[in-house]
Amino acid sequence: MGSVQAAGSVRARYLVYFQYVGTDFNGVAAVRGTQRAIGVQNYLEEAAERLNSVVPVGFTISSRTDAGVHALSNAAHLDVQRRSGRPPFPPEVLAEALNTHLRHPAIRVLRAFRVPSDFHARHAATSRTYLYRLVTGCHRPDELPVFERNLCWALQADCLDVAAMQEAAQHLLGTHDFSAFQSAGSPVPSPVRTLRRVSVSPGQASPLVTPEDSRKLRFWSLEFESQSFLYRQVRRMTAVLVAVGLGALAPAQVKTILESQDPLGKHQARVAPAHGLFLKSVLYGSLGAASCTLQGTQFGSHR
């Protein structure tokens, strides 16, 4: 679980789950240098400085999210080496310490685990699930309750053809070259991915709206599960499925777009707004029940 770096000094590796409201951040990744923008990772590593590790603590993030994107549960691994003679922090103590020293109220550490010294938070992930929230019945920005702003995409439409969206989504399931849904800016060796699950369903009624608003506003949830995704793949797939729901595309056209492998086409070049997207969960098969239990108990109500 740890590697000995000096006599009596052990470097312990932890897997940490954390969540954040992404509105104030330039994404999850740290922003280095003198730029005014800042990432979630900057705050996490600043809090980790207070652990008094012999070596600086760096976070290796499992899943990178863009500016404005939120996370119900992201993950990262970090190494902490205490001074000689001091045992490694128990995971619950580490999580509490990080929360105590976090300076931004929109970030919260959920839980920590001790993991082997060769564990890698990004490479070891076996499943990632993203949730995209939509709302219909909102014809002007000021009709959306303030508590839901920056947490969903408000469509200027009264309804969606959910059956058509569900039919279109079936064309995306399975293993495909998803080049048509990839944005430039993050080169990868292969654009082939396996989409294990995609769903389009009514979302839970928001408890943060007035009875009058709840009569006209409808919330919708799109979920996508894969081991990994291309850059902005989820937001581009969401934009195409919304176009189907609004009647601008036929379900069969989604298959044509996918097979075109052309990211610059008229419809697939659209990107859904960042603020409606949530990283819902990151799972690790190597952790067995511990990882699955965390996701299931913390976020089962969002399914």
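Arg13 lies in strand β2, which spans residues 9–20. The model described here is predicted. Arg13 is buried, because its relative accessible area is 14% and the cut-off for burial is under 20%. Its side chain has two polar partners described here. The side chain of Asp79 joins that of Arg13 in a polar contact of 2.7 Å. The backbone oxygen of Phe119 lies 2.7 Å from a polar atom of the Arg13 side chain. Ser260 is 247 residues from Arg13 along the chain, and the two C-alpha atoms are separated by 44 Å.

Arg13 is also in contact with His77. His77 is found in strand β4, which covers residues 70–81. With a relative accessibility of 5%, His77 counts as buried. A polar atom of the His77 side chain lies 3.0 Å from the backbone nitrogen of Ala121. Neighbours within four places in sequence aside, His77 is in contact with Arg13, Tyr14, Leu15, Gly58, Phe59, Thr60, Phe119, His120 and Ala121.

The chain is divided into domain 1, residues 11–114, and domain 2, residues 126–284. Their C-alpha centres lie 28 Å apart. In the contact between them, 18 residues of domain 1 meet 17 residues of domain 2. The two domains bury about 1,300 Å² between them, and 55% of this area is on carbon and sulfur atoms. Asp66, His70 and Leu72 supply 38% of the area that domain 1 buries against domain 2, more than any other three residues.

Polar links also cross this interface. The rule finds 11 residue pairs in polar contact across the interface of domain 1 and domain 2, with both residues at pLDDT 80 or more. On the domain 1 side that touches domain 2, the elements giving two or more residues are β2 and β4. Strand β4 gives the most to that side, with 6 residues. Salt bridges are present as well: 2 are found across the interface of domain 1 and domain 2.

Asp66 is placed in the loop between β3 and β4. UniProt, in an unreviewed entry, places the feature "active site" at Asp66. Asp66 is partly exposed, because its relative accessible area is 21% and burial requires a value under 20%. The side chains of Arg232 and Asp66 meet in a salt bridge, with an N to O distance of 3.1 Å. These two side chains also make a polar contact at 3.1 Å. Beyond neighbours within four places in sequence, Asp66 is in contact with Gly27, Tyr231, Arg232 and Arg235.

Helix α1 spans residues 40–48 and is mostly covered. Of its 9 residues, 8 are buried. These are Val40, Gln41, Asn42, Tyr43, Leu44, Glu45, Ala47 and Ala48. The buried residues of α1 pack against β2, β3 (60–61), α2 (91–101) and β5 (107–115). Strand β2, which holds Arg13, is therefore one of the elements packed against the buried residues of this helix.

Pro105 lies in the loop between α2 and β5. Its relative accessibility is 82%, so Pro105 counts as exposed. Pro105 and Ser63 are 42 residues apart in sequence, and their C-alpha atoms are 21 Å apart in space.

The UniProt record also annotates two stretches of the chain. The feature "domain: Pseudouridine synthase I TruA alpha/beta" is placed at residues 19–122 and 168–284, again in an unreviewed entry. In residues 19–122, the end C-alpha atoms lie 16 Å apart. That span is 19% helix and 24% strand. In residues 168–284, the end C-alpha atoms lie 29 Å apart. Here the composition is 26% helix and 26% strand.

Terms used: Residues are numbered from 1 along each chain as its sequence is written. This is a predicted model: local features need pLDDT of at least 70, side-chain atom pairs count only at pLDDT 80 or more; totals for chains, interfaces and linings use all residues. Side-chain values use heavy atoms; hydrogens and water are left out. Helices (H or I, at least four residues) and strands (E, at least two) are DSSP runs, numbered from the N terminus. Buried means under 20% relative accessible area, exposed over 50%, partly exposed in between (1.4 Å probe, protein chains only). A polar contact is a pair of N or O atoms within 3.5 Å; within protein, one must be able to donate a hydrogen and the other to accept it, and residues adjacent in sequence count only if both atoms are side-chain atoms. UniProt positions are given in the numbering used here, feature names are shortened, and annotations may be inferred rather than shown by experiment. Domain bounds come from an automatic or database domain assignment. Contact means heavy atoms within 4.5 Å. Buried area is the accessible area (1.4 Å probe) that two parts lose on being put together, summed over both. A salt bridge is a side-chain nitrogen of Lys or Arg within 4 Å of a carboxyl oxygen of Asp or Glu.
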